[in-house]
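Reader: I've got a structure open and would like to talk it through with you. Can we go piece by piece?

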Amino acid sequence: APDTPVIDQVYSKLSNSITVEWKGVPGATSYMLTAQDGESFVETIVKNSPGTVTGLKPATLYRITLRSINSGGKSQPSPFRKVKTVLAAPILSVHSPSCDSIAVSWKAVHMAAGFSVSLMRSDGLGRMLKENTTSTSLIFTNLDPGTLYTIKAYAWNANGMPGDDFTYNQRTSPNAPVDVKVAFSSGALRAVVSWMPTEGALTYSVTVSSGLLKMRCNTSSASCMVPSLQCSSEYYVSVTAYNDAGSSKPTDAVSLKTIPCAPVNISIEEDEPGLLLVSWSSVSFGHYYVVFVKSDDGLEVHCNTSYTQCHFQSDCGFTYFISVFAYNKAGQSPLGDIFNYTTAPCCPSDFRAVFISSDTVRVTWAPVRGADLYETRAAGGSGVVLCKDTATACTLSALQCDTPYNITVYSVSEARGSNTSCAPRYVATAPCSPEIKNISKEGLSVISVLWRSNNEEATYVVTARGEAGLWHCKSTGNSCTLMDLPCGSAFSVSAVATSAAGQSLPSYSVPLETAPCCPNDLIITQVTQSVTNISWSVGLGAQTYVTTLESPKGQAKCHTLQNYCLLGCITCGTNYTISLRAISQRGLTSSCTYEGYSSSACCPSGVKLYRLSNNGIRVFWRSSDETINYNADLRGSKGNFSCTPSSGLSHCDITKIPCGDLYTVVVAPVTDKRPKLTFCPKKIYSVTCSGSSVGMVIYRGKSNAKHV
């Protein structure tokens with residue numbers, strides 16, 4: 001083991017550590033520092049001098065020993081040295097009670113005899129303030145408002161040795177804003193408050209109060225808008241600055257008087273003809289008043305007074321619009337209610353009456369000065385029809401058609417009542433609307449319309465309206481005939497009556513539907529020997545179709561929504577008659593006829609193949625009709641072959657057919673006009689080879705093969 005080291009110096013600069021210095025020992029690779037406090041100790045391994053032991057308690061006396069270490073072991077402990085750790089740093093609690101002071105406080109520190117606290121602007125400007133004290137709090141005054149300061153504090157012991165220090169940054173609260181100004185907007189009833197920015201202020205709060213009402217506006221700029229102020233009110237405005245240290249004192253309140261409210265309780269009286277008196281109630285904060293009187297011809301006069309009434313000249317037949325405003329230094333009051341006063345009206349002129357229908361007339365006239373509304377009376381028939389309206393037009397409805405009336409228009413005002421000297425005008429109503437009683441079908445495209453006539457002199461026009469177009473007929477009686485209506489079409493039939501007085505309303509519409517059109521094209525295709533497919537073009541107006549094939553042997557029928565149909569139970573080789581009925585949605589039917597149809601000849605039965613001596617094959621079958629010609633087809637992988645016998649025979653021969661192959665055999669009737677039939681049954685035969693040319697014909701079906 002190495003030699004025992006000797007401690008040269010030991011000291012504490014931080015409250016949780018002690019530093020040791022020594023001379024190095026030859027052969028030592030490291031050193032062990034031990035700090036012992038009673039029964040507890042802390043050990044630290046270091047490479048060389050100086051070395052520091054950490055994790056110690058502040059203001060505590062420790063015994064320090066040192067050992068040298070190498071691969072051979074540890075030396076004996078050095079003679080111990082006693083040293084005490086310095087004091088712990090005080091933990092500060094800091095705030096700014098006012099804009100020019102900072103208060104600092106802390107808890108007592110163990111073994112501390114006193115404390116040292118220094119303060120300086122964080123930007124380095126100005127001088128540093130330092131205070132030594134034995135208490136646990138102090139206040140720095142005469143500081144700059146809204147300024148960030150750095151505070152540093154430490155404790156010392158009875159020997160005057162300083163301990164750890166503690167640093168804290170604190171800003172003083174801001175000073176109250178200055179140069180507060182209030183700009184009032186009379187039109188919007190709001191105020192813009194502005195001020196000079198305050199050093200260190202982050203936000204501002206504007207308080208606007210009036211009695212118990214308080215409004216606030218918070219902002220980070222140097223101005224703020226306060227909306228929704230009340231008219232005829234006095235407000236007191238103050239501004240407070242804020243930062244993270246707190247708030248300033250509020251500024252001295254600035255008085256703000258708003259515009260006066262609009263005058264109320266306005267009354268208008270006509271003291272005597274041609275003289276109007278306008279009066280109103282007094283308004284708080286109103287210094288004087290202006291009354292504006294504007295007539296309906298655009299002429300405007302006004303009256304400026306400090307009293308609560310004004311007189312104006314007036315003319316009859318005019319409407320006057322009157323408004324009153326109050327004023328003070330803040331501006332004009334808001335617009336209040338606008339009143340109108342109308343003098344006695346005159347009779348309407350430019351009278352016109354236009355009939356909208358047989359029982360409705362629209363009456364118009366030129367506007368009359370001073371009229372609040374107009375009363376229109378129509379006398380005639382069995383009573384009087386009355387209409388009141390503020391417009392210069394009136395629609396008199398529920399008049400009796402085909403009847404003369406005396407129509408009079410009176411102008412009315414609330415102040416003067418009705419002018420009863422206006423002259424009437426004679427007007428006759430239009431004919432009464434006809435009523436369609438019956439629509440009957442006279443022919444394929446001929447329709448007769450019958451209506452009830454209740455007019456003295458009128459001409460009637462009947463109209464059939466549909467997607468296919470318009471059809472008309474005219475009569476002075478009670479019926480007429482619509483000609484050449486197209487098939488498969490829907491119409492709405494109505495009638496109107498006309499006379500010198502005008503045209504009636506149309507009658508109620510009556511629906512009319514013509515029978516559906518027959519399909520133009522019809523195609524028949526035989527699907528199998530007993531099944532036939534019939535298809536046709538769409539018939540206009542048809543919803544369903546009934547198709548019938550009929551012969552002496554029987555009938556096949558199909559009822560369908562489609563434009564095609566499969567008919568079964570068809571007898572082969574039979575002549576059929578074809579009929580088709582097109583049926584509309586409402587059940588109207590058109591019967592359609594077409595050319596007859598002959599089903600295909602019957603397929604033969606008993607088809608068999610026999611080997612001939614010359615490498616040929618004979619095909620046999622049984623025919624139901626000896627007059628039918630047939631064709632036999634053999635198809636195999638080595639070739640396709642066919643034969644057709646002479647008329648009346650039921651077999652035919654195919655020569656030089658290769659053996660050793662499977663053949664599909666089909667025998668079908670021969671048709672002249674129709675395509676080749678494909679639905680006759682198919683049979684598969686195997687033609688085997690025996691030796692070079694002799695073989696057997698074997699029928700292959702779903703059961704076991706058999707020799708033929």
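**Around Lys-47**

Author: Let's start with Lys-47, which touches Thr-29, Ser-30 and Tyr-31, leaving aside residues up to four places away in sequence. Keep in mind that this is a predicted model.

Reader: Where in the chain is Lys-47, and how far is it from Thr-29, C-alpha to C-alpha?

Author: Lys-47 has its place in the loop between strand E4 (40-46) and strand E5 (51-54). Along the sequence, Lys-47 and Thr-29 are 18 residues apart. In space, their C-alpha to C-alpha distance is 6.7 Å.

Reader: Is Lys-47 buried or exposed?

Author: The cut-off for exposed is over 50% relative accessible area. Lys-47 has 65%, so it counts as exposed.

Reader: On to the cysteines: how many disulfides does the count come to?

Author: The rule here takes a pair of cysteine sulfur atoms within 2.5 Å as a disulfide. By this rule, the count comes to 14 disulfides.

Reader: Which cysteine forms a disulfide with Cys-217, and is Cys-217 buried or exposed?

Author: The sulfur atoms of this pair are 1.3 Å apart in the model, and the cysteine that forms the disulfide with Cys-217 is Cys-224. As for accessibility, Cys-224 is buried, and Cys-217 is also buried.

Reader: What about Cys-231 and Cys-261: is their disulfide right-handed or left-handed?

Author: Cys-231 is joined to Cys-261 with an S to S distance of 1.9 Å. The torsion about their S-S bond is about 95°, so the disulfide is right-handed.

Reader: How many residues apart in sequence are the parts that the pair Cys-231 and Cys-261 ties together?

Author: Cys-231 is in the loop between strand E20 (223-226) and strand E21 (234-243). Cys-261 is in the loop between strand E23 (254-257) and strand E24 (267-272). The pair therefore ties together parts whose separation in sequence is 30 residues.

Reader: And what class of accessibility does Cys-261 fall in?

Author: Buried means under 20% relative accessible area, exposed over 50%, and partly exposed is in between. Cys-231 has 19%, so it counts as buried. Cys-261 has 22%, so its class is partly exposed.

Reader: What is the torsion about the S-S bond of Cys-558 and Cys-565?

Author: A disulfide joins these two, with 1.7 Å from S to S. Cys-558 is buried at 14% relative accessible area, and Cys-565 is buried at 3%. Their disulfide is right-handed, because the torsion about the S-S bond is about 120°.

Reader: Which residue in E20 is the bridge partner of Ser-194?

Author: Strand E17 (residues 190-196) pairs with E20 over four bridges, in the antiparallel sense. In E20, Ser-194 has as its bridge partner Ser-223.

Reader: There's another open sheet, E9-E10-E13; what is its average twist from one strand to the next?

Author: Three antiparallel-paired strands make up this sheet. Strand E9 (92-98) and strand E13 (137-140) are its edge strands, each pairing on one side only. From one strand to the next, the twist averages 20°.

Reader: And which residue in E10 is the bridge partner of Ser-98?

Author: E9 and strand E10 (residues 101-106) are paired antiparallel over five bridges. In E10, the partner of Ser-98 is Ser-101.

Reader: How many of the seven residues of strand E58 are buried?

Author: Strand E58 (residues 630-636) is largely enclosed by the rest of the structure, because the number of its seven residues that are buried is five.

Methods. Residues are numbered from 1 along each chain as its sequence is written. This is a predicted model: local features need pLDDT of at least 70, side-chain atom pairs count only at pLDDT 80 or more; totals for chains, interfaces and linings use all residues. Side-chain values use heavy atoms; hydrogens and water are left out. Buried means under 20% relative accessible area, exposed over 50%, partly exposed in between (1.4 Å probe, protein chains only). Helices (H or I, at least four residues) and strands (E, at least two) are DSSP runs, numbered from the N terminus. Two strands pair if DSSP finds at least two bridges between them. Axes are lines fitted to C-alpha atoms, for helices over the stretch in contact, and angles run from 0 to 180 degrees between N-to-C directions. Contact means heavy atoms within 4.5 Å.
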